[in-house]
Amino acid sequence: MSFKEKVKAYLQQGVFFTHVIRHIFFTRKLYKLFIVLLPCIKIRQNRILCDHFCGSGYGDNPKYISEKIHEKHLEYEIFFLYDKEKCGRKDFPEFIKLIPIFSFKHLLTLASSKFWIFDYRPSVHIPKREGQFYIQTWHATIGTKKSEKDTEDTLPKAYIKNAIADSRQIDICIAGSKQMSDFYKKSFWYNGEVLESGCPRSDILFDVMKSAEIKRLFGFEHKKICMYAPTFRNSHSIEMYGLDFGRLKNILEATFSSEWVILLRLHPNMANVSVGNLPVFVKNYSWYCDVQELLVMSDILITDYSSIVYDFMLTSRPAFIYATDFNDYEKERGFLINLKETPFSIAENNSELGRNISEFNAHSYSKSIAAFKNKVGSLDDGHASERIIEWIGKR
C-alpha cells in the first residue's frame with residue numbers, strides 16, 4: 001500500500017469530532033495534517049496513555065492499573081491526560097507523565113502509545129493502528145441506570161456517532177460483574193472481548209489496612225464518616241437532594257454512637273455546582289479526584305441512583321438509598337436493576353431515611369449482600385489490576 005493509500009485508509013477509519021470541545025488548542029486543519037503524518041509516528045512498545053474523565057485527574061480504574069504497574073516495577077512509561085482547570089502536577093505521583101488535554105501533544109501521545117486506557121468515551125479520536133491496543137475500563141462495577149444504547153432515543157446524534165465509532169476501536173472491555181459483561185454485549189455497540197477481571201478501582205476496598213491509613217491522612221482517625229454521594233440530574237439541579245444534615249448526624253450518633261462527620265461528594269458532572277453554606281460537620285469533597293479513597297474510609301454511604309453503592313457494597317458496610325424523585329428519575333433514565341430488589345433500604349424523605357438507619361439490621365443486610373452479589377455475578381476479589389496487567393503483558 002502506497003503512502004497516499006495509507007493516508008486515505010486512516011481518514012476513513014472514524015476520524016471525527018463529536019461536539020464543540022472547550023479549550024481546544026488545535027484546529028481542524030492541524031488535525032488533518034496530523035492524520036497525514038500519522039504513519040510516520042513510531043509506536044512506543046512500553047508507552048501507556050491513560051485518561052480519567054476527560055483530564056479530570058488521577059482516579060478510577062486507570063489510576064489503579066497504573067499504581068499496580070508501578071508497584072511491580074514494570075518498565076512502562078505511563079502518561080495521563082490532564083485539564084489544567086481541573087487538576088495539576090501535585091495531583092499526580094512523580095512516576096506519571098502529564099499531557100495537556102486537547103493539545104498537539106495529546107494527539108502525538110495517542111499516536112505513539114502502545115496502549116490506551118480510558119474510563120469514558122473520549123471526545124477526540126485518531127485511527128488506532130495495527131500494534132496499538134485500546135482498553136476500555138468504563139466507570140461502573142454494576143449498572144444501576146440505563147445508558148448508552150438503552151437510552152438511544154434521548155442521546156444527541158453526535159454522541160451516538162462517537163460511541164459507535166469508539167466501540168469499533170476497543171480491543172477489550174473490563175467487567176466487574178457478569179451483569180456489566182452482558183451490558184457491554186447488549187448496550188455498548190460493542191461485539192469484542194470482555195475481560196471478566198473485576199474492577200481495578202475496587203482492589204483497594206479489599207485492603208483491610210487502608211481505612212485507618214486514609215482516615216489518618218485526612219485527619220479523621222477519631223471520627224466515624226458518613227458519605228453522601230448523589231448522582232447528577234440532566235437538569236444539573238440539586239433541589240431534589242434536600243438531605244437534612246443536622247437530623248442525619250443526630251440519628252447516626254444515636255444509633256451507632258461515636259462522633260460523626262459527613263462528607264459530601266457530588267458527581268463529577270456537578271462538582272462545580274454551588275451547594276451554599278454547609279454545617280461545620282459537613283465537608284465538601286466533590287473536588288477530590290479519587291472517590292475510592294473516600295469510600296475506603298467511610299463507615300456509611302448514602303446515595304440515590306449511583307452505581308457507587310455497588311462498589312461500597314464490597315466492604316459490607318451499611319449503605320442506604322435516599323431518593324426524593326424516584327418516579328421522575330425512573331422516567332428520565334430508567335433502571336437496569338430494580339432498586340427495591342437490592343440489599344439497600346429506600347427512603348423518599350428525611351423521615352424515612354432516619355427510620356431506615358435507626359432500624360438497620362447488620363445480620364440480614366450481610367445475607368442480602370451475599371445473595372445480591374451472587375445474582376449479578378460480582379467478580380471483584382481485590383486482584384483485578386493484576387489480571388489486566390497480565391493481559392497487557394501478553395501483548
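In the predicted model, a salt bridge joins glutamate 259 to lysine 223, with 3.9 Å between the closest N and O atoms. The two residues belong to distant parts of the chain, 36 residues apart. Glutamate 259 occupies the loop between helix 8 (245-256) and strand 9 (260-264), whereas lysine 223 occupies the loop between helix 7 (210-218) and strand 8 (224-228). Glutamate 259 has a relative accessibility of 44% and is therefore classed as partly exposed. Lysine 223, with a relative accessible area of 30%, is partly exposed as well.

The loop between helix 8 and strand 9 also holds serine 258. This serine adopts a positive phi of about 65° although it is not a glycine. Its relative accessibility of 44% makes serine 258 partly exposed. A positive phi at a residue other than glycine also occurs at aspartate 60, with a value of about 60°. Aspartate 60 is located in helix 3 (residues 60-71) and is buried, its relative accessible area being 8%.

Salt bridges number 22 in the structure. One of them pairs lysine 97 with glutamate 77 at an N to O distance of 2.8 Å. Because lysine 97 lies in strand 3 (residues 96-100) and glutamate 77 in strand 2 (residues 77-82), this contact ties together parts that are 20 residues apart in sequence.

No disulfides are counted in the model. For cysteine 87, the closest cysteine sulfur is that of cysteine 289, at 6.9 Å, which is too far for a bond, given that a disulfide requires sulfur atoms within 2.5 Å. Cysteine 87 is buried, having a relative accessible area of 8%. In the case of cysteine 173, the closest cysteine sulfur belongs to cysteine 199 and lies 11 Å away, so this pair is likewise too far apart for a bond. Cysteine 173 is buried, with a relative accessibility of 0%.

Aromatic pairs total 35. One aromatic cluster is formed by Phe256, Trp260, Tyr310, Phe320, Phe344, Phe360, Tyr365 and Phe372. The charged end of arginine 121 is positioned over the ring of phenylalanine 188, at 3.9 Å from the ring centre. Lysine 249 lies over the face of phenylalanine 281, and the distance to the ring centre is 5.4 Å.

On the surface, Leu33, Val36 and Leu37 make up a nonpolar patch, and their accessible area together is about 230 Å². Leucine 37 is part of helix 2 (residues 28-37) and is partly exposed, with a relative accessible area of 40%.

Two further pairs of residues were examined by the distance between C-alpha atoms. Arginine 168 and tyrosine 190 are 22 residues apart along the chain, and their C-alpha atoms are separated by 6.9 Å. Arginine 168 lies in helix 5 (residues 157-169) and counts as exposed, with 69% relative accessibility. Alanine 212 and histidine 222 are ten residues apart in sequence, with a C-alpha to C-alpha distance of 9.6 Å. Alanine 212 is found in helix 7, where it is partly exposed at 47% relative accessibility.

Key
Residues numbered from 1 in each chain as written. Predicted model: local features only at pLDDT ≥ 70, side-chain atom pairs only at ≥ 80, totals over all residues. Heavy atoms only, no water. Patch = residues over 30% accessible without salt bridge, like charges linked within 9 Å, V, L, I, M, F, W, Y side chains within 5 Å. Areas by Shrake-Rupley, 256 points an atom, 1.4 Å probe, with all protein chains shown as cover. Salt bridge = Lys/Arg side-chain N within 4 Å of Asp/Glu carboxyl O. Helix = DSSP H or I, 4+ residues; strand = E, 2+ residues; numbered from the N terminus. Buried < 20%, exposed > 50% of the residue type's maximum accessible area, 1.4 Å probe, protein only. Phe/Tyr/Trp six-rings, centres within 6.5 Å; stacked < 30°, edge-to-face > 60°. Lys NZ or Arg CZ within 6 Å of the ring centre and 35° of its normal.
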